[in-house]
Every structure is written in structure tokens, then in C-alpha cells.
Amino acid sequence: MKTYRLPETTTSENLGCSWNTVVDFGNKVLFAGYFYSGPKANDYFAAVYEHTTADKSCEGEIKLTAISDQHFEDAGHALQWAMMH
């Protein structure tokens with residue numbers, strides 16, 4: 001969480017304003033972020049947030065529940081990981 005500077009609690013609106021790949025997926029908000037780690041590296045990571053209240057709007061609170069321990073070649077593969085967690 002600290003490596004990528006991700007907030008523990010936030011809203012999907014705040015995530016979307018700071019990062020470009022944020023997807024609502026049922027009760028979860030899936031996230032793919034880019035983190036440069038060197039040339040020719042897999043630089044994307046994934047995170048999963050879950051809604052903490054019945055408010056599923058972009059202003060409803062979400063809490064971080066999972067971060068990938070591996071990096072991916074693109075945002076699509078990062079989101080695939082997030083869908084499975």
C-alpha cells in the first residue's frame with residue numbers, strides 16, 4: 001500500500017481522479033495501476049477495494065482489501081487478477 005501510495009479508505013471517484021484504470025465490479029472496485037520499476041519490466045499492479053456501506057455510488061466509501069504481490073505486463077492482466085480476488 002505504501003509503495004504505491006494507495007489510500008486504505010477512499011471513494012471510487014477519488015481513485016478515478018488520481019488513477020486511470022478504476023472499474024466497478026459488483027460490490028468491489030477493481031484497480032490497475034502503473035508503477036515504473038525499470039526498463040523492460042512488468043510495471044502494472046492490481047488492487048481490490050470493497051464498498052463499506054450500502055452506498056454504491058462513486059461517493060460511497062470503499063476500503064482496500066487486496067493488492068497483487070506480482071506485476072503484470074498491462075492493465076488488462078492486472079484487472080484479470082483483481083477480478084479473481
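1. For 85 residues, a compact globule would have a radius of gyration near 12 Å, and the protein chain agrees because its own value is 12 Å. That radius is taken over C-alpha atoms, and the globule rule is 2.2 Å times the number of residues to the power 0.38. Along the principal axes, the C-alpha atoms occupy a box of roughly 40 × 25 × 20 Å.

2. The model is predicted: local features need pLDDT of at least 70 and side-chain atom pairs count only at pLDDT 80 or more, while totals for chains, interfaces and linings use all residues. Residues are numbered from 1 along each chain as its sequence is written, and side-chain values use heavy atoms, with hydrogens and water left out.

3. The protein chain contains two helices and five strands, in the order β-α-β-β-β-β-α from the N terminus. These elements are DSSP runs numbered from the N terminus (helices: H or I, at least four residues; strands: E, at least two).

4. Of the 85 residues, 36% are buried (buried means under 20% relative accessible area, exposed over 50%, partly exposed in between; 1.4 Å probe, protein chains only). Among contacts with a separation of 6 or more, 49% join residues 24 or more positions apart (contact means heavy atoms within 4.5 Å).

5. Strand β4 (residues 44-51) is mostly covered, with six of its eight residues buried. Strand β3 (residues 28-34) runs antiparallel to β4 and is joined to β4 by seven bridges; here Ala32 stands opposite Ala46. Five bridges link β4 to strand β5 (residues 61-67), also in antiparallel fashion, and Val48 has Ala66 of β5 as its bridge partner. Strands pair if DSSP finds at least two bridges between them.

6. In helix α2 (residues 75-83), the residues Ala75, Ala78, Leu79, Trp81 and Ala82 are buried. Seen down the helix axis, the buried residues of α2 fall within an arc of 155°, so they line one face; the arc is that of the directions from the helix axis to the C-beta atoms. Their cover includes β2 (21-25), β3, β4 and β5. At the N-terminal end, Asp74 caps α2, with a side-chain oxygen 3.3 Å from the backbone nitrogen of Gly76.

7. Trp81 counts as buried because its relative accessibility is 11%. Leaving aside neighbours within four places in sequence, Trp81 is in contact with Ala46, Val48, Ala66, Ile67, Ser68 and Phe72. Ala46 is the residue that Ala32 stands opposite in β4, and Val48 and Ala66 are bridge partners.

Definitions and conventions:
Polar contact = N/O pair within 3.5 Å; in protein donor to acceptor, adjacent residues only side chain to side chain.
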